[in-house]
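User: I have a protein open on my screen and would like to go through it. Can you help me read it?

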Amino acid sequence: MTQEPRQLSDTLYTTDSVPTHHRGTYWREALSRTFAAVDIAVPDEAYSGTIRTSRLGHLQVATVDGDPMRVCRTPGLIGRGEDEQLVVTLLVRGVATFEQDAREAGLRPGEIIFYDMTRPIQMEFPHAFQMKSIILPRRLLGLREADLQRITATPLRPDTTMGSLLSPFLTRVVDTAATCPSNTSGVLASNVIDLLAMLAEERLRQEAGDTPSVTRLLEIQTFIDRHLADPDLTPEAIARANHISVRYLHKLFQTDDITVSQWIQRRRLEECRRDLARWEAAGLTIATVARKWGFTSASHFSRSFRAVYGMSPAEWRDPGVRGPGTPSSPHGASRVSEDSGARPRRHANLPPARRHVQLVG
């Protein structure tokens, strides 16, 4: 499945021109290149499927159409790769079942689900289906490991406020990523990340329940957001301005298992990340953006940014830097693939992925 130089906007994998007896292997490799190494089971070798995938800034988006199948990502497959990706999927057609983190969720058209490629997962599609996915580095949401495990395999229904807003937006992002101008793709990707982070935070708050302490915590977090640019924003200053004790302030944040100072830094990093992706800020230095949001040391900002997002501020600002969603060479065994002890061999008689350019008037 050799790929051509990355000069065009999207990649197409399709079984249409693949010999019947090679389709299962081809399809497993296509899924592995797009998401992460997986094992699959398909009803027969006459399988039919198509994946169209595109880059959007530091994200990858994909539309998958396929026949019935079961997909499994085992600890053995996880151990062989460096895939640190989170997938947000909208089911457009068909039905599906997702199992992860001791939860099983049935998915119907219009519903959205998070799943984490760093942990075992099983997915089953009993009928022909279509799904649209956004694939992003886990770190970009800024969530703790425990919180990530709380939001997986919990569908977002289209009859909820957030679901009714996110479903058409996610569809539009996936469908237009290939034709998005390069000077706006980074900004759009940053906005998508912010929206997904907001969705994740809302799911976590709903799970915690709207208790008085949670309400008070949200008020404090809103106050912090309004004063992020102040380098003197400290727990003592926050407590004094909100007429509470420092001890009570720390107690409020203990419910989220994070300190006040860590919350301030995380929010500042999120705002810096957003600004660095904006083309309007291209003339500003990274140090200027950091100072704008309350960082007093450029080196401390750079270290903190890398620790949270896995890349330097300069790499995040550069849309040409290879993102974690870039398809990687598949590895691992499959029920329709090669020996499990070695990296799969390329099949000379399999057609390569085809790249297409769509011209917009």
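This is a predicted model: local features need pLDDT of at least 70, side-chain atom pairs count only at pLDDT 80 or more; totals for chains, interfaces and linings use all residues.

User: OK. How many helices and strands are there in the protein chain?

Analyst: The protein chain has 12 helices and 12 strands.

User: And what share of the residues counts as buried?

Analyst: Of the 361 residues, 51% count as buried. The chain exposes about 16400 Å², and carbon and sulfur atoms supply 52% of that area.

User: What about contacts between residues at least 6 apart in sequence?

Analyst: Among those contacts, 74% join residues at least 24 apart.

User: Let's pick a residue. Where is Ala277?

Analyst: Ala277 sits in the loop between α9 (260-276) and α10 (286-292).

User: Is Ala277 buried or exposed?

Analyst: Ala277 has a relative accessible area of 14%, so it counts as buried, the cut-off being under 20%.

User: What does Ala277 touch?

Analyst: Leaving out residues up to four places away in sequence, Ala277 touches Gly186, Val187, Ser190 and Trp316. As for Gly57, it is 220 residues from Ala277 along the chain, and the C-alpha atoms of the two are separated by 9.0 Å.

User: Next one. Where is Asp194 found?

Analyst: Asp194 is in helix α5, which covers residues 182-208. Asp194 is also buried, with a relative accessible area of 16%.

User: Which side chain does the side chain of Asp194 make a polar contact with?

Analyst: The partner is the side chain of Arg273, at 2.6 Å. Not counting residues up to four places away in sequence, Asp194 touches Arg273 and Arg274.

User: Switching topic: how many aromatic pairs does the structure hold?

Analyst: It holds eight aromatic pairs. One of them is formed by Phe98 and Tyr115. That pair is tilted, with 5.3 Å centre to centre and 40° between the planes.

User: Why does the pair of Phe98 and Tyr115 tie together parts that are apart in sequence?

Analyst: Because Phe98 lies in strand β7 (residues 96-100) and Tyr115 lies in strand β9 (residues 112-116), the pair joins parts that are 17 residues apart in sequence.

User: Are those two buried or exposed?

Analyst: Phe98 is buried, with a relative accessible area of 1%. Tyr115 counts as buried too, at 2% relative accessibility.

User: Which residues do ring pairs link into a cluster?

Analyst: The cluster consists of Phe98, Tyr115, Phe125 and Phe129, linked by ring pairs.

Terms used: Residues are numbered from 1 along each chain as its sequence is written. Side-chain values use heavy atoms; hydrogens and water are left out. Helices (H or I, at least four residues) and strands (E, at least two) are DSSP runs, numbered from the N terminus. Buried means under 20% relative accessible area, exposed over 50%, partly exposed in between (1.4 Å probe, protein chains only). Contact means heavy atoms within 4.5 Å. Accessible areas come from the Shrake-Rupley method with a 1.4 Å probe; for residues, only the protein chains shown count as cover. A polar contact is a pair of N or O atoms within 3.5 Å; within protein, one must be able to donate a hydrogen and the other to accept it, and residues adjacent in sequence count only if both atoms are side-chain atoms. Rings of Phe, Tyr and Trp (its six-membered ring) pair if their centres lie within 6.5 Å; planes under 30 degrees apart count as stacked, over 60 as edge-to-face and the rest as tilted.
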